[in-house]
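Subject: Two-chain model for you to look at

Hello,

Here is the structure I promised to send over. Please open it first, then read the notes below.

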Amino acid sequence: MTSIAIPSGMPQYDDAPRFDVARVRADFPILDREINGHPLVYLDSANTSHKPRQVLDVLGEHYALHNANVSRSVHTLGTEATEAYEGARAKIAAFINAPSADEVVFTKNSTEAINIVAYAFSNASLRPDGDPRFRLGPGDEVVISEMEHHSNIVPWQLLCERTGATLRWFPVTDQGRLDESGLEDLVTERTKIVSLVHMSNILGTVNATSRITARVREVGALLLLDCSQSVPHLPIDVVDLDADYIVFTGHKMCGPTGIGVLWGRGELLAVMPPVFGGGSMIETVTMARSTFAAPPARFEAGTPPIAEAVALGAAVDYLTGIGMRAIQWHEKELTAYALDALGSVPDLRIFGPTVPVGRGGTISFALGDVHPHDVGQVLDSLGVQVRVGHHCAKPVCSRFGVPAMTRASFYLYTTTEEIDALVAGLEQVRKVFD
Amino acid sequence: MQLDQLYQEIILDHYKHPHGRGLRDADDPGDRVAEAHHVNPTCGDEVTIRVATDGTVLHDISYDGMGCSISQASASVLHELLRGRGTGEAFEVHEAFVELMSGRGQVTPDEDVLGDGVAFAGVARYPARVKCALLPWMAFKDAAARAGVGVSPEVKA
């Protein structure tokens, strides 16, 4: 590589925030495992991340020492559990710079979070007093993109079926970027909501949203960003992003499974009808009818995943301790290294941006005409764990004319040695299937 | 686990040089012809199996598909094993293959019954790949039923 001297006085590469990857790796017990006689090389963090001891300890301690139901007990344990649960909400709000912790709704995952918004639309459409921003019917439009995970496609297809609205979508360019050329025609006065992925789980693309946001504001629609892949890897500031909703999931950001987040602007959550009915989400209940609690409780019917929420708070503390800017930079360096290294493998085709700009550390590829299942199987025999298949984004596979892809994805604990192991493993794949 | 248990030469050979691939019309216009298209939703593999039969003999089993080496080699082996067989015999082979794949590596296959199908014994040790191997066989079962022949036990994969 050639290096270009940056004039003094300008930000230097050495100024970028960094952390000690070896020390971070020591926090993750699973990274000591061997797989099929080889050291574990985990390149599937876009699927789910591993959990550091600090998170596992909090999860165990909650059950061991503070277990009780939340929001309904006057006893000491109940108070401790409630404080821990609401404390986690406050930590997560701070992590994404939400103006208020009440804007953070705990959900099961991103999928549930998107469904809550989609069902709020159809529920509002059924009520004569529904807020006009959420009323949807024939002639109205919902806009998504070809780059979405199925979780940001199917809920909107179902919503459109229920209401008679029309689903439209942004195409994807050959380079794996969002094609915004038709923005003015796609997002119009008929659009009620635009729901887009912030970082693609399959192409790795990080979408620049400001042009779209400006257009959404111009036509008076709402904007939801699926940040499942971005919140774990980049500093996210909901005020800066200027979205109306973001969704993300705990298990991809060092937290447990079963906990996710819907963040929404306070004034929008306040006028959204509930989706799930039950305990904790009510103001008062009579046999004939009920009135509902203010957000976030309105959207958290039933006993929530308390320990998981508390542990997600611990995950946010952990990530903040290392620094999201440092994590972003680490992954940028890994991505640049991996794009170079994969580029040296014969017959390897990368889907998505091939430069480490406007993309994250998730790289999908094809190796000749070897089926991804076979690629993944040979890599697994060498301890290298990658995802193979359609990655819950079948339209992206169709867009690039393949039934499936192989995907390597990185996180704060990933090393360049692991990328070398991947490249060596791909050589082995070529030998088996040559 | 050894990778060569999974990717036996026989399997790789069927994958690289598939036997009888391509969907065909029946030679005998009196045959009943039916097909079934199966997909593996987790990985996107697909296969179409077409059966041509007079009700007692499977005159042709033709197929097309795309997917991993295991699923495509399995279709090739299925074609070779069952084409030209009587239906009763064919379903015995089908049952033996399903039993082998459901056996988690504990079943010893009978080469007289399964022919090249014995090479899939190693696949049964990889739960994630059993569905790949069974994909054409399940499609065959549906296609045969649509052509009015045979029943084979349910699969618990």
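This is a predicted model: local features need pLDDT of at least 70, side-chain atom pairs count only at pLDDT 80 or more; totals for chains, interfaces and linings use all residues.

**Chain A: two domains**

Chain A is split into two domains. Domain 1 is made of two stretches, 13-52 and 323-433. Domain 2 covers 56-321. Their C-alpha centres are 28 Å apart.

The domains touch. On the domain 1 side of chain A, 28 residues are in contact with 31 residues of domain 2. Four elements of chain A each supply at least two residues of that domain 1 side: helix H11 (324-343), strand E14 (362-367), helix H13 (394-399) and strand E17 (405-409). H11(A) has the largest share, with five residues. By class, the domain 1 side that touches domain 2 holds 12 nonpolar, 10 polar and six charged residues.

**Chain A: a seven-stranded sheet**

Chain A also has an open sheet of seven strands. The order is E4-E10-E9-E8-E7-E5-E6, and the pairing is mixed. Which strands sit at the edges? They are E4 (104-107) and E6 (166-170) of chain A, each of which pairs on one side only. On average, neighbouring strands in this sheet are turned by 20° against each other, direction ignored.

One pair inside the sheet is worth a click. Strand E5 (residues 141-145) and strand E7 (residues 191-197) of chain A run parallel and are joined by three bridges. Val143(A) stands opposite Val194(A), which belongs to E7(A).

**Chain B: overall form**

Chain B has six helices and three strands. Read from the N terminus, the elements go α-α-β-β-β-α-α-α-α.

How does the radius of gyration of chain B agree with that of a compact globule? For 157 residues, such a globule would have a value near 15 Å; chain B has 14 Å, so the two agree. Along the principal axes, the C-alpha atoms of chain B fill a box of roughly 50 × 25 × 25 Å. Of the 157 residues in chain B, 46% are buried. Take the contacts in chain B between residues at least 6 apart in sequence: 63% of them join residues at least 24 apart.

**Chain B: a three-stranded sheet**

The three strands of this open sheet in chain B have the order E1-E2-E3, with antiparallel pairing. Strands E1 (32-40) and E3 (58-66) of chain B each have a single partner strand, so one side of each is left without a neighbour in the sheet. Neighbouring strands are turned by 15° against each other on average, direction ignored.

E1(B) and strand E2 (residues 45-53) of chain B run antiparallel, with nine bridges between them. For one of the partners, look at Val33(B): its bridge partner in E2(B) is Ala52(B).

**Where chain A meets chain B**

How many residues does each chain bring to the contact? Chain A brings 14 and chain B brings 12. On the chain A side, helix H12 (372-381) and strand E16 (387-389) are the elements that give two or more residues. H12(A) gives the most, with five residues. The chain A side that touches chain B has six nonpolar residues, seven polar and one charged.

Best wishes

Notes: Residues are numbered from 1 along each chain as its sequence is written. Chains are lettered from A and ligands numbered from 1 in the order in which they are written. Two residues are in contact if their C-beta atoms, placed from the backbone, lie within 7 Å. Ala, Val, Leu, Ile, Met, Phe, Trp, Tyr, Cys and Pro count as nonpolar, Asp, Glu, Lys and Arg as charged, and the others, Gly among them, as polar. The radius of gyration is taken over C-alpha atoms; the globule rule is 2.2 Å times the number of residues to the power 0.38. A residue is buried if 20 or more other C-beta atoms lie within 10 Å of its own, exposed if 12 or fewer, and partly exposed in between; C-beta atoms are placed from the backbone. Two strands pair if DSSP finds at least two bridges between them. Axes are lines fitted to C-alpha atoms, for helices over the stretch in contact, and angles run from 0 to 180 degrees between N-to-C directions. Domain bounds come from an automatic or database domain assignment.
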